[in-house]
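Q: Hi, I'm new to this one. Could you show me the structure and walk me through it?

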Amino acid sequence: MKKNIFLSLCVSSLLLNVSFAHELTQLQAQISQQKSTVDSHLKNKKSLQNEVNALKKELQQSAKNLHQLQQKILKTKQKQNEIQQEQQRLQSKLHQQKEELKEIIHTIYQAKLNPNFLEKILGEQPAKNLVLKQYMQRLYAQKTQLLQALQNNEKALVAQNDALKNEQEELQKQQAELSQLQQKQKISQENYQQRLTQLQEILTLEQKKLAELIANEKALQAQIAKAKQQALLRQQEARNKALLSLAQRGLGPAKYQHSAPVKGKILHTFGSHQLGELRWSGVVIQAPFGTKVKAIYPGEVISASKLAGYGWLIVLKHGEKDLSLYGYNQNINVKVGDVVQAGQVIAHVGQINGEQQSGLYFKITRCGESQNPLLWLKK
């Protein structure tokens, strides 16, 4: 019945592990898919970032071009100011020349109408007609020069007006180009920033989802570990119950049926003289130092401590009547309350008390009376 219960626990544990394993596999597949999604978004972000970097370079070049254009516009405005100042100077000079010409023409006209007019200008009685002639020649020459200068200034003024008009048209063109470039930069920046923001929002959501899946995986793994631990505990409890049930039957009749705790030469036999009238109540089996000491039959550990003259001593209880003792150990692997199975390593061989060799002290008692342990050990 107990064997069936133990088998049932093993089957239930196996089914539970299969269920958890299937759920974990599905979750890990989701995580793998989600990682691919996140990687894809990261690649898109990197690609978009490269585009943004390229745009930044383009904007830097545009900014340089913009600066150059602004400098050009500034020079154009300065040139316009210079042209306007030159126009004002030419207009002022032209006005002055016109006034001077007006006076010369008036003088010549008066001289033709009234010859005495020149005499009033040059003196009451001109000394020679040559002087009058020379004066009139200078007036005519000055008139010609002024007319030529006036024509030249008027041409220069027209040219300046044309240049100013051209510069104004160029300025308008440059300002329109500047406005278009600034608008293009603004639109490009807003477009890329909007795309980058949207992609970052999507990436954040996907990364959050991935983090949740990974957290779920860790929680599931923890749950699996806990379930396995609980299953192991239940199995251990069931095994201990089964072992305890078996141990409670006792060692059985002495029929050489159990394996020896260690293999080796019998140094001291049961009942042989130990010291004076003292006889050996067990046997001492020679074995190399550190050899594994194994329980001969399932039993419960009722003592596991160091005892003077016996080294580390372990006592196993088998049912209500039988005990098996293992002494001269250099260390032990069990503690009080443990239920061990046949063949389980419970200690390691140490030094025989009072002798220069190693071995195991082994003893069996039934109802408190020492028995020859070799009667239960296979030959």
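A: One term to begin with: buried means under 20% relative accessible area, exposed means over 50%, and partly exposed is in between (1.4 Å probe, protein chains only). This is a predicted model, where local features need pLDDT of at least 70 and side-chain atom pairs count only at pLDDT 80 or more, while totals for chains, interfaces and linings use all residues. Residues are numbered from 1 along each chain as its sequence is written, and side-chain values use heavy atoms, leaving out hydrogens and water.

Q: Thanks! Is Tyr328 buried or exposed?
A: Tyr328 counts as buried, because its relative accessibility is 3%. Its place is in strand β8, residues 322-332 (strands are DSSP runs of E, at least two residues, and helices are runs of H or I, at least four, numbered from the N terminus). Tyr328 also has a positive phi, near 65°, though it is a residue other than glycine.

Q: Which other residue like that has a phi near 55°?
A: That's Cys367, also a residue other than glycine. Cys367 sits in the loop between β11 and β12 (369-371), and with a relative accessible area of 55% it is exposed.

Q: Switching to rings: how many aromatic pairs are there?
A: The count comes to 5. The rule is that rings of Phe, Tyr and Trp (its six-membered ring) pair if their centres lie within 6.5 Å; planes under 30 degrees apart are stacked, over 60 edge-to-face, and the rest tilted. One of them is Trp280 with Tyr361, a tilted pair at 6.1 Å centre to centre and 45° between the planes. That pair links distant parts of the chain, 81 residues apart: Trp280 is in the loop between β3 (278-279) and β4, and Tyr361 is in strand β11.

Q: And what about Tyr328 and Tyr361?
A: Their ring centres are 5.9 Å apart and their planes are at 50°, so this pair is tilted. Ring pairs link Trp280, Tyr310, Tyr328 and Tyr361 into a cluster.

Q: How many residues does the largest nonpolar core have?
A: It has 23, and those with the most contacts inside it are Val293, Ile296, Tyr326, Ile346 and Phe362. A nonpolar core is a set of buried Ala, Val, Leu, Ile, Met, Phe, Trp, Tyr and Cys residues joined through side-chain atoms within 4.5 Å. A second, separate core of 9 residues includes Leu24, Val38, Leu213 and Ile224.

Q: Last one: how do β6 and β7 pair, parallel or antiparallel?
A: Antiparallel, over 7 bridges; two strands pair if DSSP finds at least two bridges between them. Ser305, for example, has Leu313 in β7 as its bridge partner.
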